Number of protein chains: 2
Amino acid sequence: MHLNQQTDFAFRILIYLADHTVADETGDMALARPKIREIADFYRVSYHHLMKVANALTSRGYVQSWRGKNGGLALARSPERITLGAVARDIEGHWEVVECFGTDSDCPLTNDCRLAPILNEALLHFWAILDRHTLADIARSPGDESPITFHSDLPYPLGPEPTREQRKPSL
Amino acid sequence: MHLNQQTDFAFRILIYLADHTVADETGDMALARPKIREIADFYRVSYHHLMKVANALTSRGYVQSWRGKNGGLALARSPERITLGAVARDIEGHWEVVECFGTDSDCPLTNDCRLAPILNEALLHFWAILDRHTLADIARSPGDESPITFHSDLPYPLGPEPTREQRKPSL
DNA sequence: TGGTAATATGCATTCAGTATGCATAATTCG
DNA sequence: CGAATTATGCATACTGAATGCATATTACCA
């Protein structure tokens, strides 16, 4: 009963992009394409792992990417049009609570199971909440005055990958 | 985003007990203590694995057990007093969606994360549904006339443990 | 009191999914 | 052409779940 780390990464990438695509610290829009390296450093998570999630977000149409020099990522849609539930379902593989809804179950209760509908109902309520919110709800609002942490403000040097101990994924 | 097989087993054990503690096919109440062996055969799942779940249910106070000859299992409370949500949380180890609610997260967003409250809300709605139902809702009601499958009605001989291929857990 | 039936418990193994790392390709810019 | 950056595939490690086995414990009964 939990979302996996990839989904957590996906949300955090989207939040980062929403918060950093307006302008960077120089005011230069062309440079305001956060790089995977930069995002990974900010969250102190594995660069390679985060890249895979970024790829998934790209192929699913949530994120736009540019390769090569001055490459990077940006949101492919406005935050209002990115639903949290859709992202979670796209990144998570299976999202059903019970699999006995499928066709190949031989559980003797299948024909008269009163549990499955209840679990299903609970699940629908769960997803209904996530489907009711978009990235705009969790990203910084335009008028938000709280400080944004830019790349150059990071309180640690940009060195090699953090070790497993240094990293602490939060999901 | 799913419940594990142990939780599935737990629900099915409880359903079986609720359906079979009234009387067995001989009308003898003393024999109406389903055995783990019997339940495992009925659902065609691993005997040993199901025993562990039965033990968990026993130690959590949902089920009463007797060892030795004529031993077996029975509900320790009336079905109305067994809440589905409580069972699931007791059998599942961790049941939070996000773990960054904990104290040892160093996610830079922790202090101003707008995602966590939403996930939390979704989760609360999920559990609210399960907490609203009891075993009485999913077990056979007393007036239910539909046939009950007794041990002796099983359409297959009681042989050795089914192989992995024969078994198809439904959750 | 010994045998049998049943649950209880601990340990070892297998398995699957997730996470991680590495190598290399592909692309873009200058 | 070279550097920077994303894209992709493969191999490995890690973790938790699932499974199986051995043995202990308990209770009934002859």
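Trainee: Which polar backbone atom is 3.3 Å from a base oxygen of DNA strand C?
Mentor: That one belongs to Lys69(A). Keep in mind that this is a predicted model.
Trainee: Okay, and how many residues surround DNA strand C?
Mentor: There are 27 of them, and the closest are Gln5(A), Lys52(A), Asn55(B), Ser65(B) and Arg67(B).
Trainee: What does the backbone of Gln5(A) lie 2.9 Å from?
Mentor: A phosphate oxygen of DNA strand C, with a backbone N or O atom of Gln5(A) on the protein side. Over on chain B, Gly68(B) has a backbone N or O atom 3.4 Å from a sugar or linking oxygen of DNA strand C.
Trainee: Which elements give two or more residues to the surface near DNA strand C?
Mentor: From chain A you get helix 1 (5-20) and helix 3, and from chain B helix 3 and strand 1 (63-66). Helix 3 of chain B gives the most, with five residues.
Trainee: And what classes of residue does that surface near DNA strand C have?
Mentor: Four are nonpolar, 12 are polar and 11 are charged.
Trainee: Let's switch to the other strand. Which residues come nearest to DNA strand D?
Mentor: Asn55(A), Ser65(A), Arg67(A), Gln5(B) and Arg67(B), out of 27 residues around DNA strand D.
Trainee: How far is the side chain of Ser65(A) from a phosphate oxygen there?
Mentor: An N or O atom in the Ser65(A) side chain is 2.5 Å from a phosphate oxygen of DNA strand D. Arg67(A) also has a side-chain N or O atom in the picture, 2.6 Å from a sugar or linking oxygen of DNA strand D. From chain B, a backbone N or O atom of Gln5(B) lies 2.9 Å from a phosphate oxygen of DNA strand D.
Trainee: Which elements give two or more residues to the surface near DNA strand D?
Mentor: Helix 3 (47-59) and strand 1 (63-66) of chain A, together with helix 1 (5-20) and helix 3 (47-59) of chain B. Here helix 3 of chain A gives the most, with five residues. By class, the surface near DNA strand D has four nonpolar, 12 polar and 11 charged residues.
Trainee: What share of the DNA strand D atoms within 4 Å of the protein belong to sugar or phosphate?
Mentor: That's 76%, and the rest belong to bases.
Trainee: New topic: how many salt bridges are there over all chains?
Mentor: The count comes to eight. One pair to look at is Asp8(A) and Arg12(A), whose side chains meet in a salt bridge at 2.7 Å, N to O.
Trainee: Why are Asp8(A) and Arg12(A) separated by about one helical turn?
Mentor: Because they are four residues apart in helix 1 of chain A. As for the pairing, side chains of opposite charge can pair when their charged atoms come close.

Methods. Residues numbered from 1 in each chain as written. Chains lettered and ligands numbered in written order. Predicted model: local features only at pLDDT ≥ 70, side-chain atom pairs only at ≥ 80, totals over all residues. Heavy atoms only, no water. Near = heavy atom within 4 Å. Polar contact = N/O pair within 3.5 Å; in protein donor to acceptor, adjacent residues only side chain to side chain. Nonpolar A, V, L, I, M, F, W, Y, C, P; charged D, E, K, R; others polar. Salt bridge = Lys/Arg side-chain N within 4 Å of Asp/Glu carboxyl O.
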